[in-house]
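Q: I have a structure open and want to go through a few parts of it. Can you help me read it?

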Amino acid sequence: MKVLRNHDPDGLHRADLDHCIHPWTDFADWKENGSTIMVRGEGAFVEDAQGNRYIDGMGGLWFANLGYGRKELIDAAAAQLTALPQYSYFTNIGNPPATELAARLAALAPGDLNHVFYSTGGSAANESAVRIAHYYFDTIGQSSRRLLISRRNAYHGSTFLTAALSGKMDEKAGFHFPKGLVHHISEANCYRMPEGIRSESEYCDFLAQEFEEKITELGEENIACFFAEPIMGAGGVLMAPTGYHRRMKGICERHGILYVSDEVVTAFARLGRFFASRDLFDVQPDMIVAAKGITSGYIPLGVTLVSDRIYEGISRPRADGGIFSHGFTYSGHAVACAVALANIEVMEREDLCAKVQQTGDYFLERLKTLSDLPIVGDVRGSHFMLCVELVEDRSTKKLFPDEIDVGKMVDLHAQERGLIVRPIRNLCVLSPALILDMKDIDRIVSILRESIEATVSDLSQMTGHDLRA
Ligand SMILES: Cc1ncc(COP(=O)(O)O)c(C=O)c1O
């Protein structure tokens with residue numbers, strides 16, 4: 001890859017500092033250090049304005065499933081831009097790519113999720129799921145069903161409602177969310193099970209009982225839906241105990257609560273399946289929400305897939321004459337849908353799911369070899385959604401103090417060696433493009449080993465305590 005010589009990196013950096021507000025930013029750190037400005041992508045690699053080239057271990061932000069520069073996706077976008085970029089999708093107006101994509105998604109999705117509501121990303125698609133659930137229950141005469149249950153540490157988006165739905169409590173500081181609408185129960189985290197619980201099956205019983213108790217407390221007649229990611233992503237790539245999702249769905253069914261599976265990260269081959277809910281977690285959701293990998297991030301798109309039963313409810317005439325008043329200017333965006341169709345075509349032609357099933361197993365196996373390092377507490381995840389958890393003490397799982405940003409320390413060492421990992425507090429998260437082969441995976445793991453070793457040295461110096469011992 002060539003360095004962009006006619007680029008003006010300093011001008012860009014200055015303008016970025018003067019005018020941009022980045023999401024999720026620690027402003028003090030940003031004002032001191034500025035941004036890395038990314039200028040190009042090629043396959044699973046990205047290049048910054050200084051010409052540094054990295055393996056993109058973040059996959060953009062869990063989205064670059066096919067990698068960068070795929071001609072098929074670029075051509076599909078160009079052809080649709082030429083024909084018709086977008087037109088109103090409201091009321092009775094459609095366009096060919098949106099229609100074709102809805103039919104493709106209905107065929108790929110599990111069970112009777114035959115109906116597609118389009119939006120512009122994961123937050124808007126989750127928000128749409130809530131609005132669909134509320135409208136559904138109201139239309140079928142159960143208007144008291146309004147409350148939403150999700151899990152602590154979940155991430156469902158950043159609109160007002162989906163931020164309220166998300167469960168990272170430390171990210172709520174400074175914001176004011178409505179009280180009483182959203183209720184959180186425990187996340188499922190097999191690495192940190194509560195004290196006294198000795199097996200996954202006991203843990204599953206514990207979590208199921210907590211869910212039942214929450215339903216009793218709120219009254220089932222007041223609850224609309226339960227939201228869950230198959231594997232909790234931004235919350236720390238948390239794996240639930242075996243059978244957990246099936247169990248939670250069973251409880252939802254018994255109490256008439258809709259189960260919404262947030263597959264914004266897990267869908268479109270990241271776990272070796274187009275959708276993970278049923279194939280990997282034995283759950284037939286009432287709605288599936290997807291985004292990100294649906295276009296491999298080439299253009300924003302979110303979808304909310306809805307069961308026949310819910311569709312029948314929301315499409316019934318209402319006594320008050322009301323209609324389903326929800327939608328966006330860019331719902332059914334013709335270019336986004338054309339790119340999604342091309343994305344699915346390439347994934348099918350290249351049998352990407354089958355490939356990911358093999359390379360994904362290899363990835364986890366290789367990553368687990370890092371378990372011998374003195375600060376590696378856990379290596380977990382599935383296929384191309386993986387994480388290394390770093391701890392100060394492996395026997396007690398004690399975390400480093402807050403002022404030590406150990407994930408960031410590893411990321412900086414990795415960047416010097418040509419790899420970007422996503423640091424989330426004490427975690428190194430990996431979600432690269434799914435096109436990586438075994439050689440690339442070996443390279444990632446070897447850079448990560450060196451970077452963790454270098455971090456151990458830094459920490460030993462900082463604390464005066466030899467962590468290598
Ligand atoms: C599981 C999950 N749901 C929803 C979202 C929100 O998606 P978006 O940022 O496209 O609005 C994300 C984003 O990371 C996510 O990981």
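Q: Let's begin with α8 and α9. Which residues in α8 meet which residues in α9?
A: On the α8 side they are C204, D205, L207, A208, F211, E212 and I215, and on the α9 side Y244, R247, M248, I251, C252, R254 and H255. Keep in mind that this is a predicted model.

Q: At what angle do α8 and α9 pack?
A: Helix α8 (residues 200-218) and helix α9 (residues 244-255) pack at about 25 degrees, and their axes are 10 Å apart. Angles under 35 degrees count as roughly parallel, so α8 is roughly parallel to α9.

Q: And is the crossing of α8 and α9 left-handed or right-handed?
A: α8 and α9 cross in a right-handed way.

Q: OK, another pair. How do the axes of α4 and α12 cross?
A: The axes of α4 (residues 71-83) and α12 (residues 334-349) cross at roughly 150 degrees and come within 8 Å. Over 145 degrees counts as roughly antiparallel, so that is the label for α4 and α12. The crossing in which α4 passes α12 is right-handed.

Q: Which residues meet there, between α4 and α12?
A: From α4 there are E72, L73, A76, A77, Q80 and L81. They meet A334, V335, A338, V339, A342, N343, V346 and R349 in α12.

Q: Now α15. What span should α15 have, and how far apart are its end C-alpha atoms?
A: α15 covers residues 438-463, which is 26 residues, and at 1.5 Å a residue it should span 38 Å. Its end C-alpha atoms are 37 Å apart, so the two values agree.

Q: Which residues of α15 are buried?
A: I441, I444, V445, I447, L448, S451, I452, A454, T455, V456, L459 and S460 are buried in α15.

Q: What caps the N-terminal end of α15?
A: D437 does, with a side-chain oxygen 3.1 Å from the backbone nitrogen of K439.

Q: And what follows α15?
A: G464 follows α15, and the phi of G464 is positive, near 70 degrees.

Q: Speaking of positive phi, what is phi for D282, and where is D282?
A: Phi of D282 is near 60 degrees, which is positive even though D282 is a residue other than glycine. D282 is in the loop between α10 (277-281) and β9 (287-290).

Q: What about phi of K397?
A: K397 is not a glycine either, and its phi is positive, about 65 degrees. K397 sits in the loop between β12 (385-390) and α14 (406-416). With 29% relative accessibility, K397 counts as partly exposed.

Q: Next, D378. Is D378 buried or exposed?
A: D378 is buried, because its relative accessible area is 18% and buried means under 20%. D378 is in strand β11 (residues 376-382).

Q: What is D378 in contact with?
A: The side chains of D378 and R380 are joined by a polar contact of 2.8 Å. Setting aside neighbours within four places in sequence, D378 is in contact with Y191, C387, V388 and E389.

Q: Last one: where is K368, and what does its side chain reach?
A: K368 lies in the loop between α13 (352-367) and β11. The side chain of K368 reaches the backbone oxygen of V379 at 3.3 Å. At 43% relative accessibility, K368 counts as partly exposed.

Q: How far apart are K368 and Y155?
A: K368 and Y155 are 213 residues apart in sequence, and their C-alpha atoms are 26 Å apart in space.

Technical notes. Residues numbered from 1 in each chain as written. Predicted model: local features only at pLDDT ≥ 70, side-chain atom pairs only at ≥ 80, totals over all residues. Heavy atoms only, no water. Helix = DSSP H or I, 4+ residues; strand = E, 2+ residues; numbered from the N terminus. Buried < 20%, exposed > 50% of the residue type's maximum accessible area, 1.4 Å probe, protein only. Polar contact = N/O pair within 3.5 Å; in protein donor to acceptor, adjacent residues only side chain to side chain. Contact = heavy atoms within 4.5 Å. Expected span 1.5 Å × (residues − 1). Axes fitted to C-alpha atoms, helices over the stretch in contact; angles between N-to-C directions. Parallel < 35°, antiparallel > 145°, perpendicular 65-115°, else oblique. Left-handed = near helix turned anticlockwise from the far one by under 90°.
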